[in-house]
Amino acid sequence: MEWFDCNAGFGIPSVPSGRFASTPQELLDELGFCGVKNALVWHAATKDESAQTGNRLVASETRDHPGLHPIWAILPLATGEMGTLDEWFAAMKTNGVKVLCAYPEKHRYLLNGLTFGPLFEEMCTRNIPLLLDRDWGRITSLLAEFPRLTVVALNHSSWGDDRNFRPLIERYDRFYIDTSSYDLDGGVADFAARYGPDRLLYGSAFPAMQMGGSILTVAQADISDDAKAAIAAGNLRRLLSEVKL
Amino acid sequence: MKNESAIAREFLAHGRSESCPIIDMHGHYGTFSGIYFPNPHADRMLLSMDRAGVAAIVCSSHAGLCEQERGNAEMAQVVREHPGRFYGYRVINPNYPEAARREVDRYPQDPGFIGFKFHPSGHSYPITGEHYAPALAYANEHKLIVLSHTWGDSRYDNPELVAEVAAKYPQAIIIMGHSGYGAWDKTFAIAREHDNIHLDLCAAYRVNGVITRMVNEVGSHRIVFGTDQPWFGPHHCAGAVCFSRITDEDRHNIFHRNAEKLMAPFRVS
C-alpha cells in the first residue's frame with residue numbers, strides 16, 4: 001500500500017522535543033523506515049524563524065527530493081510580505097508548491113476574509129488546500145465565510161475531538177482531517193462507516209509524534225482495503241491533482 | 001519498508017503477532033464526559049483487542065473515578081463476565097476517605113483484580129496524601145499493583161511525588177501511568193532509583209523518540225504497554241512500539257513479558 005504523509009516537517013527546531021530530522025535526507029530516512037515514500041513537508045524555520053525564510057528553505061531543500069512536496073505558509077496581504085497575488089501564485093508554480101498552511105497565532109494575524117479575502121477566493125477557484133492546526137472555533141468561522149475552501153485540520157486532540165469536527169464534516173464537503181492524532185479506539189472505522197473514507201488523510205505529525213502509530217492504526221482499521229488505500233495516499237493524491245496553478 | 005523487525009512486519013501485515021501477544025496494563029471502561037467513544041463497553045472493546053492480539057486488559061471503570069463504590073462494582077461484574085480477558089483495578093477516590101477505606105477492605109472479594117487505580121490529578125489530591133495511605137499500605141503488604149495517573153507538571157502526581165511513595169512502600173508495585181508525561185528526565189531517573197516503579201506507555205508512546213529513550217535509559221524490562229482503551233486503540237500504541245528504534249526482545253518485554261511477570265500472582269485461567 002502506498003503511503004503519502006500530509007503532515008511532516010524537517011529542519012532544526014529551536015526547542016527540540018525529541019527525535020527530529022534536520023535535513024530532507026534524514027526525513028526521507030525516517031519515512032523510509034516506516035515504508036512512506038511521499039510527504040507534504042514544512043520547514044522548522046517557518047514556525048520558529050519566519051514564514052519567508054521557511055518558505056524559501058523548504059522549496060530549495062526539497063528540490064532534489066521528488067518524494068518531498070513543499071508547503072508554504074501564508075501571511076496577510078496588507079503587509080505586502082507575500083508580494084502580489086499574481087507573484088505569489090507564480091512563485092508557487094515555479095517552486096512546485098500546491099498546498100498552503102497558516103499559523104495565525106505564531107505569525108500573529110486574524111485568519112479571516114478581511115485579512116485574506118482575495119487569497120482565499122483564489123484558493124477556492126484553484127482548489128488549493130489550506131492546512132491548519134486544530135482550533136475549531138477558528139475553522140468554523142473560516143468555513144462559514146469560505147465554504148468552498150479546501151481545509152485540512154491537523155493535529156486534533158486525541159482527548160476526543162469527534163464532537164467538534166464531525167459537524168464540520170457534515171456541513172462542508174471540502175473539509176478534511178489528518179489521522180496523526182486519530183488514535184481514538186475504533187475511531188477511523190467508525191468515522192468511515194458514517195462518512196466514508198474520503199475525508200481522512202494519513203498524517204504523521206513528525207517530528208512531534210511517533211510515525212508508526214498512525215500507520216498501524218490506518219493499516220489495521222476495520223475498513224476495506226480500498227478505504228485504507230484512500231486514507232493512506234489516494235485522497236491526498238486526488239486533492240493535489242485538483243490543484244490548478 | 002526499512003524497519004526489519006519481524007514483529008513490526010507481522011503487525012503491519014496481520015494486525016497482530018502470533019508470537020508476541022499484548023497485555024494492556026492501562027485500560028478504562030464505560031462512557032466518559034469529554035469524549036465520544038465508539039467502543040466504550042466490553043463487547044466492542046474485545047473486538048478491538050482481538051484485532052490487535054491483546055490477550056488481556058486491566059481496567060478501571062470511568063464510573064469508579066467519579067463514584068468509586070458503584071464504579072468498582074461495575075468493573076467487578078465485567079471481570080467476572082470475561083475471566084482472563086478483563087482484569088480490574090479498584091479505583092480509590094481520596095476525596096471520600098471512608099468510602100476509599102471500604103474499597104480497600106473489599107479488595108479480597110473480587111478475583112481478577114490486581115491492585116488499585118489512583119488518579120491524583122483528576123481528584124485534585126496528592127498521591128502522597130494521607131487518604132491514599134490505606135490503599136498503599138495494603139498494596140505494600142500484599143505486593144499489589146498501584147496504577148497511578150502521573151503527569152510531569154502536575155502538583156498532585158509528578159515524578160518527585162511518585163518517588164516519595166515508591167520509597168515509602170517498597171513492596172508495592174507502582175506503575176506510572178503515562179510515565180510522568182513530559183518530565184521524561186525526572187521520570188527515568190526515579191525509575192532507575194526505585195526498582196518497584198514501572199513505566200506505562202499510555203499517551204507517552206505518541207511522543208517521538210520517547211520509547212527509544214525509555215528503553216535506553218531505564219530498560220525495556222521496566223516498561224508496560226498501556227492504551228487507556230476505550231480512549232486509544234491498541235494499534236496506535238503498538239505501531240509506536242513497532243516503529244521505535246528498539247529490538248524485538250525489547251518489544252516482547254513491552255508487549256507482554258513484563259506484564260506477565262507482574263500479573264503472575266493474579267492470573268485467572
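User: Where is the place of I215(A)?

Analyst: I215(A) sits in helix α9 of chain A. Helices here are DSSP runs of H or I with at least four residues, strands are runs of E with at least two, and both are numbered from the N terminus. A word on the model: it is predicted, so local features need pLDDT of at least 70, side-chain atom pairs count only at pLDDT 80 or more, and totals for chains, interfaces and linings use all residues. Residues are numbered from 1 along each chain as its sequence is written, while chains are lettered from A and ligands numbered from 1 in the order in which they are written.

User: What makes I215(A) buried?

Analyst: I215(A) has 30 other C-beta atoms within 10 Å. Buried means 20 or more within that distance, exposed means 12 or fewer, and partly exposed lies in between, with C-beta atoms placed from the backbone. So I215(A) counts as buried.

User: Which residues is I215(A) in contact with, leaving aside its neighbours within four places in sequence?

Analyst: Those are W3(A), C34(A) and G239(B). Contact means that the C-beta atoms, placed from the backbone, lie within 7 Å. As for Y202(A), 13 residues away along the chain, its C-alpha atom is 7.7 Å from that of I215(A).

User: How many residues of chain A are in contact with chain B, and what supplies them?

Analyst: On chain A there are 31, in contact with 34 residues of chain B. Helices α1 (24-33), α7 (162-171), α8 (187-195) and α9 (211-219) of chain A each supply at least two residues of that side. The most come from α9(A), with seven.

User: How do you know which classes that side of chain A has?

Analyst: Ala, Val, Leu, Ile, Met, Phe, Trp, Tyr, Cys and Pro count as nonpolar, Asp, Glu, Lys and Arg as charged, and the others, Gly among them, as polar. Sorted that way, the side of chain A that touches chain B has 12 nonpolar, 12 polar and seven charged residues.

User: Which residues of α8(A) are buried, and what covers them?

Analyst: G187(A), V188(A), A189(A), D190(A), F191(A) and A192(A) are the buried ones. Their cover includes α7, β8, α9 and α10 (225-242) of chain A. Just after α8(A), G196(A) takes a positive phi of about 80°.

User: Why are α6(A) and α7(A) called roughly parallel?

Analyst: They pack at an angle of about 10°, with axes 11 Å apart. The axes are lines fitted to C-alpha atoms, for helices over the stretch in contact, and angles run from 0 to 180 degrees between N-to-C directions. Under 35 degrees is roughly parallel, over 145 roughly antiparallel, 65 to 115 roughly perpendicular and the rest oblique. So α6(A) is roughly parallel to α7(A). Where they meet, W136(A), I139(A), T140(A) and L143(A) of α6(A) face N164(A), F165(A) and L168(A) of α7(A).

User: What makes β5(A) and β6(A) a pair?

Analyst: Strands pair if DSSP finds at least two bridges between them. Strand β5 (residues 130-133) of chain A and β6(A) have four bridges, in the parallel sense, so they pass.

User: Why do β1 and β8 of chain A stand at the edges?

Analyst: The open sheet has eight strands in the order β1-β2-β3-β4-β5-β6-β7-β8 (chain A), with parallel pairing. β1 (4-10) and β8 (200-201) each have a single partner strand, so one side of each is left without a neighbour in the sheet.

Note on methods
Two residues are in contact if their C-beta atoms, placed from the backbone, lie within 7 Å.
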